[in-house]
Every structure is written in C-alpha cells, then in structure tokens.
Amino acid sequence: MRQLGTLVGQSVARVEDATLLTGNGRYLDDLPQRKDTRHIAFLRADQAHAKIISIDTKDARALPGVVAVLTGDDVAALTRSMTVGVKADVEAWPMARDRVRYVGEPVAMVVAIDRYVAEDAVDLIRVEYETMPAVVDPMEALAPGAEVLHPSLGGNLISERSFRYGDPDVAFAEAAHRVSISVTYPRNSCTPMECYGVVAEYLPSEDIFDITANFQGPFSIHTVIARSLGVPGNRLRLRTPPDSGGSFGVKQGVFPYVILAGVAAKVAGYPVKWIEDRLEHLSASVSATNRVTTLSAAVDGTGRIQALEWDQVEDCGAHLRAPEPATLYRMHGNMTGAYAIRNVSIRNRVVLTNKTPTGLNRGFGGPQVYFALERLVHKIALELGIDPLELIRRNLVPTGDFPYRTATGALMDSGDYSKALYTAAHAGKLDKLLALRDAARAEGRLYGVGYCVAVEPSVSNMGYITTVLTPDQRAKAGPKNGAQAVGTITVDPMGTVTVKTASVPQGQGHRTVLAQVVGDILGLPMGDIRAIVDVDTSRDPWSIAAGNYSSRFAAAVAGAVSLAAQQLRGKLAKMAAQQLGCGPEAITFAGGKVFDRENPAAAIPFGRLAGTSHWAPGTLPEGIGQAISETVFWSPPELTAPNEKDEVNSSLCHGFIFDFCGVEIDRLTGQVRIDRYVSMHDCGRILHPGMVDGQIRGAFLQAVGAALYEEFVYAEDGSFESGTLADYLIPTVMETPDIQILHFETPSPFTPLGAKGVAEGNCMSTPVCIANAVADALSCENITLPITPSKVLAMIGGEERPPSKPIAKPVKAKAKPGERALTGEGEADVSSPREAVWHMLLEAETLAAIIPGAHGVQKLSPDHFTATVTLGVGPVKDKYEADVRLSDIDHLNSVTLTGAVTGRLGSGGGTGVIRLSDLPGGGTRLHYSYVATVGGKVASSRQEILDALAEHGSDASVIAGGQTLVPMLNMRLAKPKVLIDAARLPDLARIEEEKGELRIGCAVRQAQLEQLPNLVSKQPLLARAIPFIGHVQTRARGTVCGSIAHADPSAELPLCLIALQGKVHLRTRRKARTVRAEDFFLGMMSTAREPDELIEAVSYPTAAPGTGFAFQEIGRRHGDFAIVAVAAVASDDGVSLTVGGVDDVARRFDLGAGRDDGLDDALNDIAWSLNARDDLHASAAYRREITRRLGRHVIHQAKAEAARCQS
C-alpha cells in the first residue's frame, strides 16, 4: 500500500490543462519574435547516396528577399564537426558536404524575409550529383564489398565490442537444450504532434548565441552544440519554450538544426527561425534504431535458463550522432530482463547505412531487447512443452533477492515479481481468457494468448554509454556516471512558493506533480505553488543530466524538489518553533498554516512566517542564514561508472511489467484484433494515479503502432517510402482497444519519494506480447513487425491458386512501392521510308516529341541526351532533370530509351521502346510504348469558373472540399498557378432526382449525401459505401466529386460510380458533355476531363426494384483508403462485381447469374486479371486473395438481398 498524502497519491486536476485546452499554450511557434526575424528553409537530398559534384546557388541568392544561402562547406567553415558517439575516424556535419548519405539530408540552407520566399529560393538551387550505390540493410552493410558510406572509416562497421559475464561457455556445454531465435526489429518513430522548431540570434559584440529550441535534453548535448559552434559553454544560451507538443525522445534530435540556425543567424545578421514540417520530420529527424538480433539460451531439463548469448547488429543510419549508440547500450545492465540468469555473452556491432540518423525514441533500447528475449522465452516453452507462464515463473528473480545485482551489472532496486504475476493473473482473470481461447479454437477461430514480462529501467546512469569504450579507453577519458537532478524552492515576500526545475516537460504534467509534492511538504494548497519547468542555461541551475528522458522525472526530478522543500521546511520549522515556543520537531505544516501539533489553535499563517526572511531577516534564529530559497542537486550513489569488467548499473530504478493479452485473427482478411489486454505495473510509489494511467495508455497506443502498423520503409536504392502520414500509419482511437491497468507497488529504496519510472514500459512490453499472442494463434515461429494483414494471410493462406486459364492483360510498369507508374502506347503511320524515319528518331527534336513531358532536349552524343521533363500523376507534378540513353539499338528496327530523373519531389525513371515496320503500300509504321515512374513525396459564379479554366487550363485547380487538394498544396506536391473556389455556389451544391438518377453537384459534401432522406432506398450501395470514407470530419468537408475528379483507385465513390454504371457531366464555356464512368477513368489519378472542363455533376442510377447491393472494403485503419474494396449488384439481369484498390482504376466484371458452381474460378480469374500492386500496405498476392474472399462474400450478400426484395 502506498502512503497517501493530502495531495501526493491523488488524481488531482492538472494545473496545465486549462491553458492547453483553451489554446493558450506557449509552444515555440507561438513565442513573440522580433520584427526583423528571418526564416529558414532547407534544400534536402533526394538521393540516398551520391557525391555532390556542384551546387549552383546563384539564382537563389538573386531572388528578392533572400538574405543568405549556405552550403555544407559554408557551414563547415564556421563550425566544427559534431561529436561522434564512438572513437572512430569519421566526421559528422549537420549539413552534407562532399556527399549526401540519406534522403532528406540538408544540402543547402536559405535565409529569407519569410518562409515563402525561402521555399521559392530552395526551388532555384541546382545540385549536380553523381549517384552511388546505396546500402540500407545492416547485414548487407557488413558484407565484404559493400558500398562504404564514410571512406575514412574504411567500412560501415563503426563500433564493435564483445562482453562476457559469468561462464556462458560452460553453461551452454552443460545445458540440456540450446534454443535460438533470430529477429529483426524495424525502424519506427513516436511522431510527436509538434515537430522541431528553433529560433536563434547571434550577438556579435559578445560572441554569444541565444537560441530557443523545443529540445528536451539530455543537456550533455549543450556541450556538443557549443563545441560545434566554437564558443565556450557560457556563450551558448539555450532556452526551451514553456510548452512542447510531445517528444517521446525524438526532440533530442533537434540539435543539428540548433547548430545550423546559430550559423544562419551569425551569417545573416538577423534573428532566424525554422519550424519543421511533417514531411521533413518523417524523412529527416530521428527514428528508433532497427536491429538484427540472434539470441540463444542454454536451458536445463527443468526449463531454467542458465545462459544467454546475444549477437546484436544496430543500424544507426548515415551518421552516428551523440548520444548514440545510446539505444544499444541503455539496456546493457538489464540484458537478462526479469530473469535470474547468471551467465551472459554479448556481441554488439554498430553499423552505418543510407538511412536517416537515429536517436532516442520512447523506450529506446527496450523494445529491441524484449522483442528478442520474450520471443525466445515463448519458443523455449513450446520446444520443452511447458506452459509459457509457468516457464516465466520458474525463471523470475526470486522475491528475497532484492536489491538484485544482474550478471551484467544492474542493481534492481525492489520488487516481488512472482507475487505481482500471481496478482495480475487473478485480477486480470487470466483463467477466463484462456477458457475463451479454448472455446474460440473449438469453433475453428484463430485465437491466441501472449505474455511478456519486462523490467522497465528509469533514471539513466550518464555513464552507461561509455560501456561502448574499452576499459582502457574509459580510463584515459576519465569516469562518467550519475544522474544529477536539480530542484529549487523559492518563497516570495507574500509567502507564495515557486518551484524551478530543469525538467523540460513535453506534456506529462510536471507542474501538477511538483505542486502536489511541495504542497504536501509545506502544507499549502496547490494554488499557492507555481512550478516553472522550462530551461534557460544562462539563468537556471542545470547539469548535463538535465532534461526530460529515461523516465527520470518522478524518481529524480520530483525527488530533488522534495529534498529542497524539506530543507526549506526545516528552516521554517525552526523559525516557527522560535515564535511558538516549542521544538522544531513539534511543528506541523497544514492548511496554509504552521502550528505546534500540541497546540494547533496557536497557528501562524504560512505566508507571514515565510515572508520573515524578506521583511525581517534579523529576527531569524541563529544558523539559518536565509529561508528564501533552497536548491538541491541530487545524484544517487548507486549509479557508478562501468568497472573494469564492463559491469554497469545502467539505470537507477527498475519497474516491473507483466502483460498478457488475447488476440483474434480474421481468417477472411488476416486482420489482427486485440480482444483483451491486461497490463500490470510496479512503478514504485505512485504520485498521481491518473497521470500514471495516462502514461501507460499513451505508451500502449504507440506500442500497438509498432506491433501492427508503423515502419520506416526504405527501397533498395535508399529512397524513403513512408514519408507521409498516409504511408506511415499511426493508430487512432478506432484501432486502439481499452486496456485493463493493474498496479503492484514496491517503493524504490533508492529514490527520495520511492517512485520509479513508468512512461516507457508498454513501448517495451506490448509489441512482443502481441507478437507472442499472434504466434500462439497461428502456431508459427517467425513473427516480424509490424504484423500486417498481408503478412498474416500469407502465413495462413498457403500457396496462391493459379488462374484457371491464361489471363490476357496489358503489360504495366513495375513501379516500386511508393511510386506511381504512367504507361502509354500507340502507333503512327508516316509516308517516309523506314531509313529516313530511323535517322529522324535519333535527333533531339524527335525525342522531345516522344518522351512524355520532355522539353529542352540536348544531344550530348549519338546515344546520350539530357532533358527537362515534367512528370506527375494527376495534380502532383514537377520538373525533373533527365538523363536519357539509347540502348538495344537494332538498326532500322527498334531502339530502347532509358532515362533517370531527379527533382525536388523525388526521383523517377522511365523506359520506352520504339519499333519500326514497313507498311504494305509503302511508308513506315512507328509503334511506341513507354513506362514512366515517379517516386518521392509523394470564384463567384459557375461562369467565372469556366472562364478561369478556359484561360488557365492545366495551371488551374478547382477546389470545393479540399480533402485531396489541400494536403497536396501543404506538401508542395500540387502547385497550381490559379486556385478556383467552387464551394460557395448553391447551384453546384444540389442533389436532384431525375429520370431514375441521383444528380449530385460538384460542391455537394459527402455528409450531405450521407444524410439524404431515404438514401438507403434510393441507392443502397452509396448508403453502404459512404461510411467507409475517412471519418465524420472528412465527410463533412469532402465533396462527392472530389475523389472522382482525382480518380484515386482506392476511393469509394469512383468505385460506386463504375459499379452502378453512372455518368460524369462536364462543361466548358462553350459546350457540355456527359461521359460514362467506364470511359471517364483512364488510369491512376487520370481522367478524360480536359484542362478547361469543370466536373459539373455526377449521376448515380437509383435502385431498380428487385435489385440487391453489397459493399465491403479492407483498409489498414478505419477511414483509410481501401487496400481492396468490392461492390456487388444482383438483379434479374445478372450479377456484377466491381473491384477497387487493386488496379489503377476500379474495374467492373459481369458474372452472369453468379452461380455458386464456377464462382470460385471466376473470382480467381478476376483476381489474376487485375494489375495488383505491391506497396507499403499490402502485397499484390494479398490484394488478389482479398478480392477472391470479399468478392464471394458480397456476391452472396447482394444475391440474398435481391431474393428478399423479389419475394
């Protein structure tokens, strides 16, 4: 039982919330700025690995409003290389110099009067690259002959260390069983709502940098920044804003931009500001490390683990930036988890690849370690035939052994793991969950139960990272250890209290907890206490351990504040004792008063007593000095430096977690549903139960993302494929189940308040707990994260059934995931002889006409050309620089054109084949086909709209709802010169029923159609499809015609238009025309609309009597675009099936009567006839299989409905 104070231990209202919930938070972008502040924008690498041949900034510098343009060499001339995390012959600069090493790496920096001008100037910078092979797989990076990122290093292995504790060789030799597992843990990120931000000013008269950034610590990085800027620490003033929109470790990585902003301010002579956008954040901030682990266990005949053998390969991206390799070594003292294992060997290798540099992410190091360890324990249980929970129990650290020293050096402070396990199993009704699993399996359902135990370390030892060095290297560098926290309590003349810490909260509620702690000690209401938690290194007491990371607040920071408050209370007690005539030990603080507990009526108001030091210092008792302010620096003695045996107590506190869960897998779709989740925590003394539960729920949500949704994906060439939140999927509340949270408290003897950390634990335990449950449901061994439906169905579906007959379909581009493919082919007959046509083909003017989007073609040699090419899909267009070469030249017969393009939006390429043949009556037939792929980032009257479209054509975009176009504008993917607003025209926002059709105007919102009276009877298919579109907020803004105009193949309304054989009504200034749906959609985001045409309306046929309809779709999350969507229509005329999300357009198939005999063959042939694509969300095979399964399902539904209607 925890000891409850008046405030501590209670879920009091958070003092931060009124400010935050009313929009009055003071985030970095909200802070006042000088009128002459200039703004920064970056040109970033669009290649993963390339030499920089030249950077032309002339046009950018000439743009009015530009103050400065800096390249990597300019920055290097004014700074020093950033600190590298290990001893290695390699430099780390905040901006690329000789080469770029990851997509998104800064290449140039523009300072301008505003962000708009700065972005325009970035577009004017021209960089010439020499592309080099990229290496993205860490194991391939280690292979002989792999491309080397840093030539001075001589390879991609930047650090390797091996460790031995106990005698693992003997333990393995004597073991009854050796069980091994190899796992990969993917890259992911906790993606805070607020991205990076920096405001910097340089004061030349004092050579001082004054920089504000939403940096979270550790403030050891202050030294890294000062050293790089070339100033002593007292000339770098680093400040943090009062509020920060989340961090989860990520904002530690802002420091390279702090350096760059400082340089920009110095060069420009103005204050400068940079606010990171989401595209920049995903591609170029820090992510968690991906890790390849091989782990073996020596197990005796009873199931007790005698030894572990770790082999870890850590991928830290293109540069090893401090504090990395912290992620690899943070858990070093805890490599045996919650288990009593005395023999351990560890091999740690740190590898560089062409990916963004890594940094701290919530739970850093823990998810990677526990995924391997707890998957191994699950496998041991299966191989030995022992119940997994029983195996866990047998290996836990015994109750009486705390404090427990692990084999690798951690000193685990407190716990009763066995009792906590039993308590959680009982309170969480584990027996009922197991019975539910058995019942589900008896019904043929796929249901599994998973377990995980984990030790959650908190309050990191600042010396753990030095374990990466050998003992000799550490001896030369000097010892590093501790976890210093600081707290200051100040009383003003009115007797109110201010608390100051260097904690830098990111939304956790530090001000509330500090007021609770101090309020209990001084007997004050929380309203009399104000906590200031932002940091100013020129004003505040701080240490290199300052900041908000490693769950150190409750244990260390609040503990230091409690010690400062107790010191102040001790002085005030002596003052009160002197006035009340009693001993200090009799003084009580409560209710805003100070009194002798034996005579509470004789009380002194706290304010009067506390003000004495201000108003009458001469009356203070001897020896007190002052009672105005107390500062405590606290560092626990248990955190010592690593010893000569490489043993290290890497963290002060060790919470305990026991999770178990039940998951069910949909046999039809492979989707994983978390049915129940129970999470038990021992986090020591709980200071604020509500906030503790909030931290657990937040970590759980992010862990669900890691388990089922999130992954940073890179193509073989290093291009970043999950660079938007449409591709990097974060779970919402719709995908996150409620969880049962249980607590078991064993206060820490090492912290002032008995508290331990709690904010990171579920990021460590939940991914592997879910993975173990999925493995239990599927009886499989190899589970890789994220556990997507595509992966699951591949495990349960077996071999894909081939088509029943040869399927003829056009050859399509083989685009990589994240790319859009454009294809075309055609023929032209000319009267000239073949030889004349052939020679004409090899000229620049002819190629300009053949290459799609090409202009400015220049001939460098007979088979080598350059060109400027405008490429894009739908509204997403940009100019690319193309390098075109001719190959496979068959004289007078055929030639292949191959081109590579690079541009601001990414990279692309294309291949075209031209063939010549003789015409029977003379002349030549020219046949051409091409494939082009694009990757990377991804009005007051109707007449005025038509006039604008007639005048501007493809340079204009019509906006009504903006749910597609506005995000493209925000991401600079669409750049129309004219934007035409059609949202406010009443005659375009009508729904009319005429001649058996629903005519829907182009400004009609999706919600307006959804709320149409009797929509279910007028057109049931629309009524069933609309709820799948996004969320309520999306439908309230998005228009019916919007997704039709953009022709997204995964959107619901274009599919319904094709399924119902609807129409699109187009109009120009001079004419109107109606196009059938099957003729309107030409390809991926491509339609038959001419540039000067407005989609005035669309028409959906109303439901004919006796017709049945069915609709279903599968997406990764609720409201996402469909991976596969199917619609079936059944009537006396037959059955049709329309499939969306698979091919470049939704496709409709007539199935005759749709009889059950032969239906499976028909659906299989349909699936194979579609040009299914592989992408981040699903494989082509998955899309085909879901087409078969959902197709059968909706056909049966539609036929059943038709039968009911006819009866």
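1. Strand 47 (residues 1134–1140) and strand 48 run antiparallel and are joined by 4 bridges; strands here are DSSP E runs of at least two residues and helices H or I runs of at least four, numbered from the N terminus. Within this pairing, Val 1139 has Arg 1147 of strand 48 as its bridge partner. A quick note on the source: this is a predicted model, where local features need pLDDT of at least 70 and side-chain atom pairs 80 or more, while totals for chains, interfaces and linings use all residues. Numbering starts from 1 along each chain as its sequence is written, and side-chain values use heavy atoms, leaving out hydrogens and water.

2. Zooming out, the open sheet has 4 strands in the order 45-46-47-48, paired antiparallel (a pair needs at least two DSSP bridges). Strand 45 (1108–1114) and strand 48 (1147–1150) are the edges, each with a single partner, so one side of each lacks a neighbour in the sheet. From one strand to the next, the twist averages 15°.

3. Now for Trp 310, which sits in strand 14 (residues 305–315). Trp 310 is buried at 2% relative accessible area (buried is under 20%, exposed over 50%, partly exposed in between, with a 1.4 Å probe and protein chains only). Ala 867 is 557 residues from Trp 310 in sequence and 53 Å away in space, C-alpha to C-alpha.

4. Asn 354 belongs to the loop between strand 15 (343–351) and helix 11 (366–384). Asn 354 is buried too, with a relative accessible area of 0%.

Terms used. Axes are lines fitted to C-alpha atoms, for helices over the stretch in contact, and angles run from 0 to 180 degrees between N-to-C directions.
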